[in-house]
Amino acid sequence: MRQQPTDETAGLRPEDNGQPPYLYPDYVATRLRAPKEPLIILPKTLSDTTGPAYGRGPIGELDNDLTRQREGEPLGERIIVTGRVLDGDGRPVRNSLVEIWQANAAGRYTHHLDQHPAPLDPNFSGAGRCLTDDEGRYRFVTVKPGAYPWKNHDNAWRPAHIHFSLFGPAFRSRLITQMYFPGDPLFEQDPIFRSVRDREARQRMISTFDLETTQPEWALGYRFDIVLEGRAATPMENPR
Amino acid sequence: MSPEPTPSQTIGPFFHDALLDRNYSELVSPDHPEAIVIRGTIYDGAGEVVPDAMVEIWQANRTGRYDHPTDDRDDLPSDEEFSGFGRSGTDVGGEFSFLTVKPGPVPGPDGQLQAPHVTVSVFARGLLKRLVTRIYFPDEEAANAVDPVLSTIEDPELRRTLIARDEGDALRFDIHLQGDGQTAFFAF
C-alpha cells in the first residue's frame, strides 16, 4: 500500500514550540505509541531542575573518534562533526555527556535487527561519546552515514543522519534528536524529519558544511549547534 | 534573544550498542541492604508489549537529596556511591528493570514536601519525543494523598497509574503508552 506523506503546514501548532507532536500518522509507529490523554503540566521542582551530571561512566580517549576505534579505518567519507551545546538562555552547557550513534557509510547499523542488505564494516562501531568543554563544544570524527530503507511506507528511505543524545544541566533538558546533512533529497518524503511541522525548526536539525572545521587533505567539517530546553543552574551560587 | 530549542526526534530501533553497551540499570549493588527492584512492562495502544524502548530514571538518595549542584541542602547527607541515574532497555517481553533504593521525600512547590518518587523518561521508536512519568510508592499512602503533583490529577484512575504495585520481591510499574489504562504522562 502506498502511503505518501501528505501536507504542508497541516498540524502546525504554536504550542508545540518547534517540537514534533507525539501523534504523526505519516510516521506509522506513532499511531499505537502516542499517548492520547492530555499531558499533565509538572510544576518546577528539584526533581527536574536537577539531573544526572554525566549520565554514565568514564569516557575513553578514542570514544569521540569513530574512525580509530577498531583495527583498521572504516570505509566512507571521513567527516568532522562539531558544535556547541547551549541551554535555553544561550549559555554553554559545560562538561555534559554527548552520545551519538549512526549507520555506516553503506547505510547499515551494527544492530542485530538491522536487516538492510548492505555490508557491515568490521572497522566501524557507529557509536561515540564525549563531554562538552568549557564553551559547551563537542567534536566527533566519523564517516558520513549512508541513507537506508525502512518499511514505514512504500519505497521509504531515511535521509542520512546521526543520532544525538544529550543530558544538559537538568532532567528537563534531556534531549534525543537526529542531525541531518544539508541538501538531502530525502527530506521531502521522510515523515520523521517532517514530523517537525515548523519549517524553521526543521532547519535546526540540519548541520551546515563548515570550511573552517574542514581539514585540508583529510576530512570535511560539519557544524551542528544544539539548544536544550531549560536553564543551567545559577552558576556557582551555592558551591558544594 | 534566547535561541530556539533543537527539535526532538525518535531514538529509533538501533540505539542499543551506543546507549546500552554496559549495564546501567543497577544504581546500587545487589547486596545493598535496602536494595529494591522496580520493574515493569511497556504496552502500546493495541496491548502489545514494546520490546525496543529505553527507560531512564532519575531520583534522590535515601535521604531525599539529589546528586546535583542545584540541590544545596547540605544538612542532608549526599551519597558518593549513589548517582540517582539509571538506564534500562526493554527486553523481548517489553520489560525493563532497575535495582535501586527508595528515595526520601523531596521539596515541592511552595515549601510543600513531595512524596518519594522516581522520575522517568521513556524513549522508543514511534515516540518522536520522550515521555515523562513518575513512579510513586505503594507504602506511602499518606504522603501520596497530599503530594502536590499527584493531587493535580483529578481522575483517580489516572492518578493510580503512577503508583507502583508491590509484588513481594519487586515493585511493578507497567507503562501503557496509549488506550485503556494509559499511564499519566507529564509535560514541563
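# Briefing on a predicted two-chain model

Chain B is built from three helices and 12 strands. Its radius of gyration is 17 Å, close to the 16 Å that the globule rule gives for 188 residues, so chain B is as compact as a globular protein of that length.

**Chain B as a whole**

- Along its principal axes, the C-alpha trace of chain B extends over about 55 × 45 × 40 Å, and 47% of the 188 residues in this chain count as buried.
- When contacts in chain B between residues at least 6 apart in sequence are considered, 69% of them join residues that are at least 24 apart.

**The contact between chains A and B**

- Chain A brings 68 residues to the contact, and chain B brings 63 residues.
- On the side of chain A that touches chain B, at least two residues each come from β1 (40-41), α1 (46-49), β3 (97-102), β8 (161-166), β9 (175-180) and β12 (226-227) of chain A.
- Sorted by class, that side of chain A holds 33 nonpolar, 22 polar and 13 charged residues.

**The nonpolar core**

- The largest nonpolar core has 91 residues, and those that touch the most other members are Val85(A), Leu166(A), Ala53(B), Val122(B), Phe123(B), Tyr136(B) and Ala164(B).
- Leaving aside neighbours within four places in sequence, Phe123(B) is in contact with Ile176(A) from the other chain, and with Ile11(B), Ala53(B), Met54(B) and Arg130(B) from its own.

**A four-stranded sheet in chain A**

- Four strands of chain A make an open sheet, ordered β4-β3-β8-β9, in which the pairing is antiparallel.
- At the edges stand β4 and β9 of chain A, each with a single partner strand, so one side of each is left without a neighbour in the sheet.
- On average, and with direction ignored, neighbouring strands of this sheet are turned by 20 degrees against each other.
- Within the sheet, β3(A) and β8(A) pair in the antiparallel sense over five bridges, and Ile100(A) has Phe164(A) in β8(A) as its bridge partner.
- The pairing of β8(A) with β9(A) is likewise antiparallel and runs over six bridges, where His161(A) stands opposite Tyr180(A) in β9(A).
- Six of the six residues of β9(A) are buried, so this strand is largely enclosed by the rest of the structure.

**A hairpin in chain B**

- Strand β7 (residues 117-124) of chain B pairs with β8(B) in the antiparallel sense over six bridges, and Val120(B) has Thr133(B) in β8(B) as its bridge partner.
- Six residues lie between the strands of the hairpin of β7(B) and β8(B), where Gly126(B) takes a positive phi near 85 degrees.
- All six residues of strand β8 (residues 131-136) of chain B are buried, so this strand is largely enclosed by the rest of the structure.
- From β8(B), the buried residues Leu131(B), Thr133(B) and Ile135(B) point one way, while Val132(B), Arg134(B) and Tyr136(B), also buried, point the other way.

- Arg129(A) lies in strand β4 (residues 127-131) of chain A and counts as buried, because it has 23 C-beta neighbours inside 10 Å, where 20 or more are required.
- The C-alpha atoms of Arg129(A) and Asn64(A) are separated by 5.3 Å, although the two residues are 65 apart along the chain.
- Beyond its neighbours within four places in sequence, Arg129(A) is in contact with Ile59(A), Asp63(A), Asn64(A), Leu97(A), Val98(A) and Glu99(A).
- Gln114(B), placed in strand β6 (residues 113-114) of chain B, is buried, with 26 other C-beta atoms within 10 Å.
- Between Gln114(B) and Pro148(B), which are 34 residues apart in sequence, the C-alpha to C-alpha distance is 6.4 Å.
- Not counting residues up to four places away in sequence, Gln114(B) touches Thr45(A) and Ser47(A) in chain A, and its contacts in chain B include Pro105(B), Val106(B), Asp147(B) and Pro148(B).

How values were computed:
Residues are numbered from 1 along each chain as its sequence is written. Chains are lettered from A and ligands numbered from 1 in the order in which they are written. This is a predicted model: local features need pLDDT of at least 70, side-chain atom pairs count only at pLDDT 80 or more; totals for chains, interfaces and linings use all residues. The radius of gyration is taken over C-alpha atoms; the globule rule is 2.2 Å times the number of residues to the power 0.38. A residue is buried if 20 or more other C-beta atoms lie within 10 Å of its own, exposed if 12 or fewer, and partly exposed in between; C-beta atoms are placed from the backbone. Two residues are in contact if their C-beta atoms, placed from the backbone, lie within 7 Å. A nonpolar core is a set of buried Ala, Val, Leu, Ile, Met, Phe, Trp, Tyr and Cys residues joined through C-beta atoms within 7 Å. Ala, Val, Leu, Ile, Met, Phe, Trp, Tyr, Cys and Pro count as nonpolar, Asp, Glu, Lys and Arg as charged, and the others, Gly among them, as polar. Two strands pair if DSSP finds at least two bridges between them. Axes are lines fitted to C-alpha atoms, for helices over the stretch in contact, and angles run from 0 to 180 degrees between N-to-C directions.
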